[in-house]
Amino acid sequence: MSGFFPWWVVVTHFLNIFLLLLLARSGLEVLSAFPKLYWHRDCPPGREWLRLSKKMYGADSRKLWTAMDEEEAWSPLIALPGRKQLGLGRHWHFMTVQFWIMTGAVYVALVFASGYWHYLIPTHWSIVPDSIRAVGTYLHFQLPDKIPGEPFEPAQKLSYFLVIFVLAPFQILTGAAMSPTVLARFPRYGKLFGGRQGARSLHFLGLVAFAAFTALHTFMVIIHGVPKEFAGIVLADLNANQTLALAIGLTGIFLIVVFHVVITALSLRYQRGTQRLLGFMVNPFERVLSRVSKSRQHYRRRDISPYFRVNGYPPTGEEYERLAADGFADYRLSVGGLVQRPLSLSLEDLRNIDQTSQITDHNCIQGWNAVAEWSGVRLSHVLDLAGLAPEAKHVVFYAMDDKGLTETQGRYGFFYDTIPLYLATNPQTILALDMNGAPLPVEYGAPVRLRLETQLGFKMVKWIAAIEFVADITDIGMGMGGYREDQLYYANAAGI
Ligand SMILES: Nc1nc2c(c(=O)[nH]1)N[C@H]1C(S)=C(S)[C@@H](COP(=O)(O)O)O[C@H]1N2
Ligand SMILES: [Mo]
């Protein structure tokens, strides 16, 4: 082989261009759902270091606003798929990241197996002064010499090393530090990055670093001479036919662009199909993660966030107002479905069951988080009282807020969500009656809400009217396992 580009570098390099563009665009879609970045652990409104939105909602606003109002519709030109499709953007992001990590693993294995690592991993600190000198040479409009016997000049070797062995793992680690399941199971891991907000900010800066590298790298390819460089990276041989290399290389780039246009259009046109198809590839991993991880959060009172966002406008019906007017004295929680003893529990009944308390971090799918103390009854106790039928596999929580009245945008029906039984029996899965030592305020779900501490916020149904145990969730609502799953294409699996 002449030149220094083995065939597997050609293949993984191409896959990397393809996958990184998918990750960047879908990542921007996720950011558009909460286009604010914080170093502050609690993300209070107004304290962001970067706000990519003109809308301002204050912490002391007297008009009720919800986190969903903060979402921005970004153009499909930059976001995948764009137009407030957080659910689909996440599906693309998590599908792609699996392939990106696989590509990276194969690449790294081959780098070491082939001895190619020698060209990428500096083994002496002299790489630093040598790189500075190389940059100086570029600034004099000259090309620096390659390291003797190696394919790259020092600054090139150093920057490749940093991108491959530092930046890429950094993106994976900061990405993991945003998952509610990871944060709940390993609270100290989250603290390494300054909590979820720190991880979001760092992950974004990682994207900026990737973008800067890509721009510089492309510029360097141009000044080093496109046809020759293309021969190396397309045909694995710096002395190969340059016209052929250019033709194949440009065709490759063109195909990537066409692919992006097509999947963006298809995602926006066939939203349910996209959710199902990508869910097929994304959900299994998430389910394993959620099944094996229990929340180990035990924050202290002084960690409680001064400001806790609200998501979802409260029920507006007369029925709810009547219940609320006398402190929910007439409220009854019905528990039914596949149980031996259907129940109808008053608030007093619920308070007479063994009470528990937990101080935990709430992670909304959009990106914000906040710590509060929640007290109430373990769901497993209610489950024991009702006696589960063996066919029961999922728990459905029906809420009292009709979204057709408050959320509009073509959405309709009462909020509901479902969880698998294995989440229902976690010790920190509770029906909360109190928040920070006082009965739940209306906006936060009075009189009863679910807390499910390894999952995203949208699973934690507020204003619960009834709980039903079922064998199958596909005949409830539109069949995707919850209101937001049905109407916003979120994944029913919500540990990431
Ligand atoms: N009934 C109902 N429950 C709901 C919602 C809703 O709109 N209706 N929103 C969910 C979402 S997206 C989140 S992040 C949390 C927000 O809880 P909070 O308002 O107490 O912060 O509630 C969840 N539970
Ligand atoms: Mo949420």
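Helix axes are taken here as lines fitted to C-alpha atoms, for helices over the stretch in contact. Two packed helices are described by the angle between their axes and the distance between the axes. In this predicted model, helix 2 (residues 86–114) packs against helix 11 (residues 271–292) at an angle of about 35°, and their axes are 9 Å apart. The crossing of helix 2 and helix 11 is left-handed. On the side of helix 2, the contact is made by Leu88, His91, Trp92, Phe94, Met95, Gln98 and Phe99. The residues of helix 11 that meet them are Gln271, Thr274, Gln275, Leu278, Gly279, Met281 and Val282.

Aromatic side chains were examined next. The structure holds 22 aromatic pairs. One of these pairs joins Phe152 and Tyr160, whose ring centres are 4.9 Å apart; because their planes stand at 80°, the pair is edge-to-face. Phe152 has a relative accessibility of 5% and therefore counts as buried. Tyr160, with a relative accessible area of 15%, is buried as well. Phe308 and Trp368 also form an edge-to-face pair, with 6.1 Å from centre to centre and 80° between the planes. This second pair links distant parts of the chain, 60 residues apart. Phe308 belongs to the loop between helix 11 and helix 12 (318–325), whereas Trp368 belongs to the loop between strand 5 (355–363) and strand 6 (369–378). Both Phe308 and Trp368 are buried.

Aromatic residues also take part in other arrangements. Trp8, Tyr107, Tyr116 and Tyr119 form one aromatic cluster.

Ala432 is located in strand 9 (residues 429–435). The relative accessible area of Ala432 is 0%, and the residue is therefore buried, the cut-off for this class being under 20%. Apart from neighbours within four places in sequence, Ala432 is in contact with Trp374, Ser375, Gly376, Leu440, Pro447, Val448, Arg449 and Arg451. Between Ala432 and Leu452, the separation is 20 residues in sequence and 10.0 Å in space, C-alpha to C-alpha.

Technical notes:
Residues numbered from 1 in each chain as written. Chains lettered and ligands numbered in written order. Predicted model: local features only at pLDDT ≥ 70, side-chain atom pairs only at ≥ 80, totals over all residues. Heavy atoms only, no water. Axes fitted to C-alpha atoms, helices over the stretch in contact; angles between N-to-C directions. Helix = DSSP H or I, 4+ residues; strand = E, 2+ residues; numbered from the N terminus. Left-handed = near helix turned anticlockwise from the far one by under 90°. Contact = heavy atoms within 4.5 Å. Buried < 20%, exposed > 50% of the residue type's maximum accessible area, 1.4 Å probe, protein only. Phe/Tyr/Trp six-rings, centres within 6.5 Å; stacked < 30°, edge-to-face > 60°.
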